[in-house]
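User: I have a structure open and I'm new to this. Can you walk me through it?

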Amino acid sequence: MAKAPPKRPKHLLLDEDAVLRGQPKKPRDPGQPRLPFDPMPDRVEPCLALLAKKVPAAGDWSYEVKWDGYRLAVHVEPSRVRILTRGGHDWTHRFPAIEVAAKALGPSTMILDGEAVVLDDKGRSNFGMLQAALGGRGGKRVAGEALFYAFDLLYFDGHDLRGMEQQERRVMLEDAIGGANATIWLSDEIEGEGAAILETVCEFGLEGIIAKDRRAPYRSGRKGDWLKLKCIQSDGFVVVGFEPSTKVPGAISRLLLAARQGESLVYVGGVGTGFTDKMARDLRKQLAAMPAKVPPVALKRKNAVFCEAVFVAEITYTEMTSDGKLRHPSFKGLRELADNVDIFELKKQAPGKRGRGEMSPSR
């Protein structure tokens, strides 16, 4: 038996040849609810990834490349763009290309969470190249060549999205930034099984991956909604001094490094590789300008020059030895202690015992 044709909605004209049109617009009933307007937050504390040793075995997770750069929040406001660091410092002037690209996303208002990077010739993010583009710690240069990988959308057109699930925010992020921007890129989700993705990423020489709980809202701090899985050990250590070079005039031979142990700093060794002669001179100039009145760590070494504990060095290494020293360390770059960077944390030991360090979760 043939089905009857669907009934024409009553509000449409019945004349078959007439142009379809709706009923005249009625004035809004003031008693009807309105969608709430959320003022744009002046700043959002970032969601931080918790260091994990294994890919999660259960749950609904997405995977992205872990980018090695500066964590930034890009605020696209009605009359301006603000680019804030993880610690809340306004670095809009340091990333002019990202600022211009963010303005082109308007007239929508939004807050993008992501990472500023400089890519090497193989498309890998390189923190040292980004630092060079910025002129080093305290440098005066601007990183015009930096790209911004956006990986979350926290606010959009009058609505705070942090209470939404990650997978819902992701869909809105993809719509918000599109794919035509030459400077602001979408951090792609990688399809597949987590362990296989991590293995492939490591083969490409990347730092690791970030796993994100698709069902989780955006929560500031380190709640376990995001996990970080590394290919190599890489952490931040406080620079407490240096040893002058006897081969390169005006340069350092080694940086002296410390980890946190409670409220104290503990010496964990030095690093003498990973920087060029020019970098070694620049580092000595920066550190010598801030001498320490009191050594930050208990270390007796004739040629040690101590500085204020205001710099954090990104270091790659193979392991932390049983006596609490870095094995095969290599220097990547300097970060700002004042910008809430993560520092390697040593476990407190019972009196008379010494053990391995425990890493604090990183960015």
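User: Where is Ala298 in the chain?

Analyst: Ala298 sits in the loop between α5 (277-288) and β14 (305-317). In space, its C-alpha is 7.6 Å from that of Val266. In sequence, Ala298 and Val266 are 32 residues apart.

User: Before we go on, what kind of model is this?

Analyst: This is a predicted model. The mean pLDDT of the chain is 86, and 84% of its residues reach 70 or more.

User: Where is pLDDT below 50?

Analyst: One such stretch is residues 7-22. Beyond near neighbours in sequence, that stretch has 12 contacts in the model. For residues 350-363, pLDDT also stays under 50. There the model has 51 contacts beyond four places in sequence.

User: How should I read places like that?

Analyst: With care. Where pLDDT is low, the coordinates should not be read in detail.

User: New topic. How many disulfides are there?

Analyst: The structure holds one. Cys202 and Cys231 form it, with their sulfur atoms 2.1 Å apart.

User: Is that disulfide left-handed or right-handed?

Analyst: Left-handed, because the torsion about the S-S bond is about -95°.

User: Which parts does the pair tie together?

Analyst: Cys202 lies in helix α4 (residues 194-203). Cys231 lies in the loop between β10 (226-230) and β11 (233-244). So the pair ties together parts that are 29 residues apart in sequence.

User: What about Cys47 and Cys307, buried or exposed?

Analyst: Cys47 counts as buried, at 2% relative accessibility. Cys307 is buried too, at 0%.

User: Back to α4. Which of its residues are buried?

Analyst: Gly194, Ile197, Leu198 and Val201. They cover an arc of only 100° around the axis, which puts them on the same side of α4.

User: Why would residues spaced like that point the same way?

Analyst: An α-helix has 3.6 residues a turn, so residues three or four places apart point the same way.

User: What's on the other side of α4?

Analyst: Glu199 and Glu203 are there, and they are exposed. The buried residues of α4 are covered by elements that include β2 (61-65), β9 (208-213) and β10.

User: How does α4 start, and what follows it?

Analyst: Glu193 caps the N-terminal end. One of its side-chain oxygens lies 3.1 Å from the backbone nitrogen of Ala195. After the helix comes Gly205, with a positive phi near 80°.

User: Then there's Glu207. Where is it, and is it buried or exposed?

Analyst: Glu207 is in the loop between α4 and β9. Its relative accessibility is 10%, so Glu207 counts as buried. A polar contact of 3.4 Å joins its side chain to that of Lys66.

User: Which residues of helix α2 are buried?

Analyst: In α2 (residues 127-134), they are Phe127, Leu130, Gln131, Ala133 and Leu134. Their arc is only 160° around the axis, which puts them on the same side of α2. Among the elements covering them are β3 (70-76), β5 (110-117), β14 and β17 (330-336).

User: What happens at the ends of α2?

Analyst: At the start, a side-chain oxygen of Asn126 reaches to within 3.0 Å of the backbone nitrogen of Gly128. Gly135 follows the helix, and its phi is positive, near 85°.

User: What does Leu130 touch?

Analyst: Leaving aside neighbours within four places in sequence, its contacts include Phe95, Val117 and Ala146.

User: How many residues does the largest nonpolar core have?

Analyst: It has 31. Leu130 is among those with the most contacts inside it, along with Val74, Phe95, Leu112, Phe148 and Ile177. Elements giving two or more residues to this core include β3, α1 (96-103), α2 and α3 (166-177). There is also a second, separate core of 26 residues. That second core includes Phe242, Cys307, Phe331 and Phe344.

Technical notes. Residues numbered from 1 in each chain as written. Heavy atoms only, no water. pLDDT = per-residue confidence, 0-100. Contact = heavy atoms within 4.5 Å. Helix = DSSP H or I, 4+ residues; strand = E, 2+ residues; numbered from the N terminus. Disulfide = S-S within 2.5 Å. Buried < 20%, exposed > 50% of the residue type's maximum accessible area, 1.4 Å probe, protein only. Arc of directions from axis to C-beta. Polar contact = N/O pair within 3.5 Å; in protein donor to acceptor, adjacent residues only side chain to side chain. Core = buried A, V, L, I, M, F, W, Y, C linked by side-chain atoms within 4.5 Å.
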